[in-house]
Each structure stands twice: as structure tokens, then as C-alpha cells.
Amino acid sequence: MKSGAYRPAFTIIAPYYDTLMSFVNYPAWVTYIENILMLHNRKEKRILDIACGTGICLELWSQRGYAVFGLDISMSMLAICKQRFAHLDNGPVHLINGDMRQIGFAGKMPIITCLYDSLNHLLSVDDLFGCLQSVYDGLEPGGIFIFDMNTVHCLRDEWGNSTFDRRDGNINSIWTNRFDLATYISTLEISLKINENGTTKTLNEIHRERGYRLSLIHDILAKLGFKSSLYRHLTFQPAQESDLRIIGVAEK
Ligand SMILES: C[S@@+](CC[C@H](N)C(=O)[O-])C[C@H]1O[C@@H](n2cnc3c(N)ncnc32)[C@H](O)[C@@H]1O
């Protein structure tokens, strides 16, 4: 590979993902989702997390007594997830290398989640529709799907056309965003400088996320037969286009 070339999303970043996400309060996210489950009277502790990544949330669910299943398209993210569970005695995790647009999961689940922008990585309405249809098919009657998404406002105005840098542990990173008004797709070039054993290596990845209007998300969910609510993330206030991140709760 030519130095400086950008690799596809979630390939070489996998071993560094947890460090890069160390600013996210995942336990608070899981507690919030548990509150949603309580409000919806969901008692069965079995959860499928699609686009589970390195399994940060799967571990938290497992520690809270849930039987956990994870699905992700990236072998390298799943490899880190597997390592995470190899050192835990909180019960087994069932991992599937698969595409959330065609979950094809044997058996129906009471709870499916999809967290941290993962649905934004689906870049066409057809792909989003296909994924939500697949989730619908994978839920048992009365089952619940809980997901978050970045809004158009977040991708267009907050990320916009900007470059910023961060330091997380031994990683310095530069994030360069470009938002395309015609497609609602944000292209994010991530450049990591990793300091290890006195040397620095550079790794580059390119990510793309699409913003979807709230009305479109509602329409697709309704068309599929879901009863849904969209909230401002980590609250129970109705979601608005001016929010940065929303959470969707969709009941079959
Ligand atoms: C930002 S990460 C989120 C990981 C995890 N959910 C979390 O909260 O940390 C997005 C994940 O979506 C996965 N992904 C992207 N497109 C996918 C697809 N079509 N099917 C399954 N997984 C996908 C990526 O491999 C990556 O692990």
C-alpha cells in the first residue's frame, strides 16, 4: 500500500477503535436503553446488536445479564470483539460476520439495537429500507428495535467542511470532513498517528455517512409496520431536525 493511501472504513482502525471512542459514555447509553426497555415492558434479556463493532456495548449488556449476539460486516472489528470476550467470564457471545441489510439471523429476537452512527453508514434510501426491513423480519412480534443516528444537521453543519485534530491516549488523529449537499453524504478522512514503542506509524481510513431527514426515517418505519418514536439522544424529548443525534424506538 502506498504511504498516505486511505483504506476502507473499519479495516485498519479496528485495534484503535476503543481508544478513539474512550470519550463516549457507553454505560450511560446502555442505561438509557434499559430505561426505554423498561418503559416498553420488555423483560426478556436477549439482545442482537447489529453493526456491533468491537463489542463495547455487547460487553456492557453481557455484564447486565443479557444473552448477547453481535453482527458486523467488518472481520477486523469482529476480531477485536472476539478478543474482548475471550477474557471475560460473563457468558458466551455469539458473533456473526454479516451485512445488516440482510441479517438472515436464524430465530427471532425480542430486542435488536444498532448504535453509534452505524445506520448512517448506509448510503442509500434503498439500503436503509433494506436494513430496517431485515430488522423487522428478525424481530419477534412485539419486539423492539433501538437505534441512534446522526442528523442531517450534525453532518452538514456540525461536521460540515472542517478539519479538526484530537489526541486519545497514544493516538493523534486528524479528521477532515466534506459534506455533499446533493447526496447528504459526509466524507470523513481519518488520519491516525500512533505512537508505539518509540516509533510513530500513520494509518488512514475513509468513512462515509449519510444524513436522513426525520420524516423519511418515520415514513420508512411506518411503511414497514413499525410503531415508532424518535427522541433527542439520551432524552425522552421528541427529536427535531436541529438535534445532533437522535434515538429511534421502533416496535414491531
Ligand atoms: C461507528 S462503528 C459502531 C460500532 C458499535 N456499534 C459501537 O457503538 O461502538 C460502525 C460499525 O458499523 C459496521 N457496519 C457498517 N456497515 C455495515 C453493514 N452493512 N452491515 C454490518 N455492519 C456494518 C462497521 O463495520 C462498524 O463496526
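What follows is a chat about helices, strands, aromatic rings and cores in this model.

Q: What kind of model is this, and how are residues numbered?
A: This is a predicted model, in which local features need pLDDT of at least 70 and side-chain atom pairs count only at pLDDT 80 or more, while totals for chains, interfaces and linings use all residues. Residues are numbered from 1 along each chain as its sequence is written, and side-chain values use heavy atoms, with hydrogens and water left out.

Q: Which residues of α3 are buried, and what covers them?
A: The buried ones are Ile-56, Cys-57, Leu-58, Glu-59, Leu-60, Trp-61 and Ser-62. Their cover includes the helices α1 (17–20), α2 (26–39) and α4 (75–86), along with the strands β1 (46–50), β2 (67–72) and β3 (93–97).

Q: And what follows α3?
A: Gly-65 follows α3, and its phi is positive, near 90°.

Q: Is Asn-41, which has a positive phi too, buried or exposed?
A: Asn-41 has a phi near 60°, a positive value in a residue other than glycine, and with a relative accessible area of 52% it is exposed. Asn-41 lies in the loop between α2 and β1.

Q: What about Asp-117, buried or exposed?
A: Asp-117 counts as buried, at 4% relative accessibility, although it is found in a loop, the one between β4 (109–114) and α5 (125–138). Its phi is near 70°, again a positive value in a residue other than glycine.

Q: Switching to strands, what is the order in the open sheet of 4 strands?
A: The order is β6-β7-β8-β9, with antiparallel pairing, where two strands pair if DSSP finds at least two bridges between them. The edge strands are β6 (163–168) and β9, each of which pairs on one side only.

Q: What sits between β8 and β9 in their hairpin?
A: There are 2 residues between the strands of that hairpin, and Asn-197 takes a positive phi near 50°.

Q: On to the rings, how many aromatic pairs are there?
A: The count comes to 11 aromatic pairs, where rings of Phe, Tyr and Trp (its six-membered ring) pair if their centres lie within 6.5 Å, and planes under 30 degrees apart count as stacked, over 60 as edge-to-face and the rest as tilted. One of them is Phe-10 with Tyr-17, an edge-to-face pair at 6.3 Å centre to centre and 65° between the planes.

Q: Why is the pair of Tyr-26 and Trp-29 called tilted?
A: The ring centres of Tyr-26 and Trp-29 are 5.8 Å apart and their planes are at 50°, so this pair is tilted. Tyr-26 and Trp-29 are both buried, and together with Tyr-116 they form one aromatic cluster.

Q: Which residue lies over the face of Tyr-116?
A: That is Arg-245, at 4.4 Å from the ring centre of Tyr-116; a charge sits over a ring if NZ of Lys or CZ of Arg is within 6 Å of the ring centre and within 35 degrees of the ring normal.

Q: Last topic, which residues have the most contacts inside the largest nonpolar core?
A: Tyr-26, Leu-37, Trp-61 and Val-68 do, in a core of 34 residues, a nonpolar core being a set of buried Ala, Val, Leu, Ile, Met, Phe, Trp, Tyr and Cys residues joined through side-chain atoms within 4.5 Å. Helix α2 gives the most to this core, with 7 residues.

Technical notes. Buried < 20%, exposed > 50% of the residue type's maximum accessible area, 1.4 Å probe, protein only. Contact = heavy atoms within 4.5 Å.
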